[in-house]
Every structure is written in structure tokens, then in C-alpha cells.
Amino acid sequence: MLAYTSRRLLMLVPVLFGMTVITFSIIHLIPGNPAQTILGETATEEAISNLEETMGLNRNYFIQYTAYVGDLLQGDLGTSLRTKASITTEIGPRLAATMELTFFAMIFAVFIGINAGIISAWKQNSWFDFLAMVFALVGVSMPVFWLALMEQWLFAQELGWLPAYGRQESRNPIDPITHFYVIDSILHMDMKQLITTLKHLVLPSIALGTIPMAIIARMTRSSMLEVMKSDYVRTIRAKGSGQFLVIYKHALKNSIIPVLTVIGLQVGVLLGGAILTETIFSWPGIGRYVYEAINYRDYPVIQSGILVIAFLFVIINLVVDLLYAFIDPRIKY
Amino acid sequence: MHKEEKQDNQQVIANQPNKKFNLDADEIEETSPLKETLQQLMKNRMAITGFLIIVFFLILGIFAPILTPYGFEDQDPVNRLLTPSVEHWLGTDDLGRDIFTRIAYGARISLYVGFFAVIGALIFGTLLGIFAGYFGRWIDMLISRIFDILLAFPSILLAIAVVAILGSSLENALIAIAIINIPIFGRLVRSKVISLREEEYVLAAKAQGMKNGRIIMYHILPNSLAPIIVQATLGFGTAILEAAALGFLGLGAQPPTPEWGKMLADSRDFLQLAPWTLIFPGVSIMLVVLGFNLIGDGLRDALDPRMKN
């Protein structure tokens, strides 16, 4: 296990190096003069050379890259061109917002997905199975931003059940401690705030979680069907165990590994989908931060935002990989 | 299966003693993998549904100028935000443009982007995958690490990075989508090539002195086609979704191009007033993607020998 962990950590080095090269290149690969592109066509010569000076664009690539990585290692993500503030400070609360949203989307996807998959396999070829699989098929084909818009229209505007925008009520803002508002409202022992926060989470979480949910449901179903046919399940049945026990206690354990793989992969879908979901629900997360930066050509924020999300993705994948080896000792790479 | 066919052939020959002792071209064709796959596919109702959906949108795109009297740019301020009617089948948008017309022309764009992005990714991914898998050693190390790095980014994020570099346009979105799909094809082909490299017929070809290029062309490539075809079919759907997402974020097609994702973004403010301006472009994206997913699933079942009865 130790050898595997260290090998897996070692494999991370070239990936992290490559990631920084790619985000570093975002500015430098812009055709023509990057400073000109950032400032727009009407920029004066002086403004351009000033920007080149402050961003260090006039130095050679190697020195610039070394400085970039040096800053990153010290936790310095650069300065936003628009707000002139440190990106590291700006990104903290947004990262928390994105992680909170992604977490709830994942809870939704895993809980509904696994259970729908199990019931589908249990009642194979029933109407539930048919409906669930049609729904799953439609779910994976749906654009996440369209689903988000339809939810807003139906549940927020037509029915008025849930809020359509933001993380909290602007009239009654929360006093942030951890910037995870669910945790914050619990820390403040504020029941009303907690309910408001949870209400704000429902629509974006469902929108973001639907595609992973559909994929998890399909995977669980096929993995479950395979296990249900095995000899040991027949033996347990023959011993007189009830169906529920057979499925949830015995069959699930052995069918969960491929499902876990899929769940790990879905983290990428969630983090990518967050950009679209956050834009629509005005969720003040890192995705929306990057989206706004694109509109303002705030390249340092685009670079750092993308790097932070990718870093998060890589770390989560690492944890998932280590988790496999822990759950299933047969896995050796 | 071959045994049975052989027996059948022998029986046929035995019953017709006058017939020459050779196989007709027709009979050989009977066993060709392509025909077999198509036969399997025709039995799959889901795949047929998918196929029909794609044909529908293809017809819609190709015959758009005949199917609708309006142009996709024609604005009509008097008739803005009209509900669906006989004149405007799917209603009109905030500039009075006919939504059906825009969806029909939009089908061209989505299918065009999906097709060329996947073809691009397929060509480069397959080449890199073959190099990595066939030559191994440092070439494999290098290419595989590049794939790892590209796959370390959530795909849409990498596409955004590419468009941020190149500038927002439909063509750049297409390039971005092709780039993010390269490692997906690359890895698939690489793993297939590695398993084929040690096959006896490849070793035999090598022993005969066949050059690497010929071995790849005549032995490796034809035998790794099945998973590539399945991935490409499913990839069309994903590419269309990604193009729509980039369009929605304003990073893909620019106005007045009737790209479906862009149409959704433009109509966002009219969600309450005119929901049809958002419903139909979204349904179109979903149907096309669903179509490719259905065909892809069907193809996988047909091409995967383990799924065959």
C-alpha cells in the first residue's frame, strides 16, 4: 500500500508540471501581442508597455515560467487585472462556494443514482427499470445549462417553490466563518439561515448532479446485474436471506468498484459543469469567477481559476485511486 | 460459428453435386464483419430510433432553405416573441426571428462542428495512440504523459483555455473540442495496439520482414477499428454538447449565427415571458445527442463479441 501510494504520488509530478505549463501558456500563446489583446485595440503604446512591465511579459519565457511556478509554490496566484486584488484572497470564498455546490450535487447523484440502479437491477424489465433507464439515457444527453434554465423556469418562476439565484437572501446575508454556508449557519446555530441556504442549493445541485446521476444509475444497474447472477448470491438466497439483505448487504459490496470508478470520473464532469451551472444560478463560485474573467479578458484570473479547478480534480482523482487500493486489495498497478 | 457455416456450405454443395466446388462472392459477403454488424444493428430498436433522429436533423439542416420561407437572420420587430402558430411553427424570438428556421439552420452548425471536431480528434488521437502503443519506450512515455496532463483538466475547462488563447469563434471552438478529445481516442487506440502488438499474426508479419508502416496499416489499424468507431459515434454527441456549452458561454459561434447554445444564451432573459424560445433549442440539442448515444450504444453491442449471443 505504501509503495503504491508513493508511486501514485510520484506520477503526480509530471502532471502538475504539465498543468502549470498549460496555464502559463494561456497568455503566451495568444496570437500577436498579449498585452495588446488584454487591453483592447484602442490601447496606447505606453499602457501596453506598462502592462508588459507589471506582468513581466517582456522577460524571456524561462524566467517568466520560473517566477510563475515560484509564486505558485508560495501560494501566490497573481493579481486580478480588473479588481487589482490578490487572486489568492479572492478565490478562497469562491472555492468554498463551488465545493459546497459540487458536494451536494454529488450527494444527489450518488444517492439517487445508486438506488435507482439497484432497484432497476432488482426489478429487471419492470416498468420502473424501463422508466429509470429511459430517464438515464435522456439525462446523459441533456445540456446541463438547459436543464438549469428549465428548472429555473418551472420551480422558481412558475411554481415559486425555490429561489432561482444566488447562495443566500441578499436582505439577510450570512456572516461567513468557513465560507461553506451550510456549515456556517450550523455554527451560528441559525435554523432559518440553514433552511434558506439548503433551499438555495436544491436547484443548482440537481442541475449539476443530473448527468452524473444518470451515468451512475446505468453503471450500478449493469454491475449489479452481473453480480446477481453469481454463485455466491444464489447460495445466500438458498440460505433463505431476504431479497433486501441479499442486495444491500452482499451484492452491493461486490458491484460497487466499477461504480466507484465512474463516481471518480464524474468529479471532472461536476467541476466542469460548475462553470455553466454557476453562471445560470448566479452562484458566486470559481466557475462564475472564471466566466466573468473571460468577459473582462482578465487573463491572470482565467489562468489561476483553471489551474485551481484542475488541481482540485487531480487531487480528488488521487484520493479515489488510493481509496480503491484500500477497498479492493487485489488492485495493484 | 464458422464451423456451422462450413457445414452449411458443405451441405449446400452436397445437395447440388453439379455446382462448382467454390464459394460465390455472395456467400463470402454473408460472413463479412460489416454486414454482420449492420444486421445486428438493424435488430436493435434503440439504435434505429437514434439513426432516425439523426437522419431527421440531417434532412432539417440540408433542406432548411426549402423547409422554411424565412431566413435565419430575418428580423421582424412587429412579430417578436410570438407563441408557436401555423406561420411560426416554434414561435419567434426577441428580434422576431423564426425559431424553427434558426433551429433548422442551427442543425447544420451543430452537425458540422460535431463531425469535424471528432474527425480531427480521431485522426490525431489514433496517430498518437499508434505511435505510443506500437513503438513503446520513451515515445510511449512522452505521449502518455501528454495525455495524462490533458485529461487532468475537466474537458470544458481545457476547451475554455484553448478558446481564451485563440479567441472566440465557431472555428476556434471546433479546434478546442477536437483538442480535448484527442487524448480520449489516443488512450483507447494505445491500449488496443499494445494488446495487438503481441498477436501471432503481427509477429509473423514482422518475421517476414514487413515494414512497420505496412504492419500498422494492414494489421494493427483494421483490428482496432471497432472501439474507435463506437467512441467516435458517442463522441459526436459529446462534441455537440461541448460546442453548445461554449456557444452558451459566448465563446463559440458569434451572432447572428443560429447556433443552438448561443440561441439559449440570447433568450435567457425571456425565460418567463417566452419559455418556448428556450425549450426548442434545448430539446434539439438533447435529441441530437440522444440520437448519437443510441447509435453508439447499439454499435457497441453489435461490435463487442462478448455481447453477441
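Mentor: Let's start with the term itself: a salt bridge puts a side-chain nitrogen of Lys or Arg within 4 Å of a carboxyl oxygen of Asp or Glu. We're looking at a predicted model, where local features need pLDDT of at least 70, side-chain atom pairs count only at 80 or more, and totals for chains, interfaces and linings use all residues. Residues are numbered from 1 along each chain as written, chains are lettered from A and ligands numbered from 1 in written order, and side-chain values use heavy atoms, without hydrogens or water.

Trainee: How many salt bridges does the whole structure have?

Mentor: One of them pairs D93(B) with R102(B). Searching over all chains, the total is 15.

Trainee: Are D93(B) and R102(B) buried or exposed?

Mentor: Their side chains meet at 3.9 Å, N to O. Buried means under 20% relative accessible area, exposed over 50% and partly exposed in between, with a 1.4 Å probe and protein chains only. By that rule, both D93(B) and R102(B) are buried.

Trainee: What separates D148(B) and R145(B) along their helix?

Mentor: Their closest N and O atoms are 3.0 Å apart in a salt bridge. Helices here are DSSP runs of H or I with at least four residues, strands are E runs of at least two, and both are numbered from the N terminus. Because the two residues are 3 apart in α7 (residues 137–151) of chain B, their separation is about one helical turn.

Trainee: Which of the classes, buried, exposed or partly exposed, does D148(B) fall into?

Mentor: R145(B), at 26% relative accessibility, is partly exposed. D148(B) has 16%, so it counts as buried.

Trainee: How many residues separate R187(B) from D148(B)?

Mentor: These side chains also form a salt bridge, at 2.3 Å from N to O. The pair links distant parts of the chain, with R187(B) in α9 (residues 170–197) and D148(B) in α7, and the separation is 39 residues.

Trainee: Which residues do salt bridges with shared partners join into one network?

Mentor: R187(B) is partly exposed at 40% relative accessible area. Over in chain A, shared partners make one network of R82(A), R288(A) and E292(A).

Trainee: How far apart are the end C-alpha atoms of residues 109–134 of chain B?

Mentor: UniProt's unreviewed entry lists "transmembrane region" spans in chain B, including 109–134. Its positions use the numbering here, feature names are shortened, and annotations may be inferred rather than shown by experiment. In the model, residues 109–134 are 100% helix and 0% strand, and the end C-alpha distance is 37 Å.
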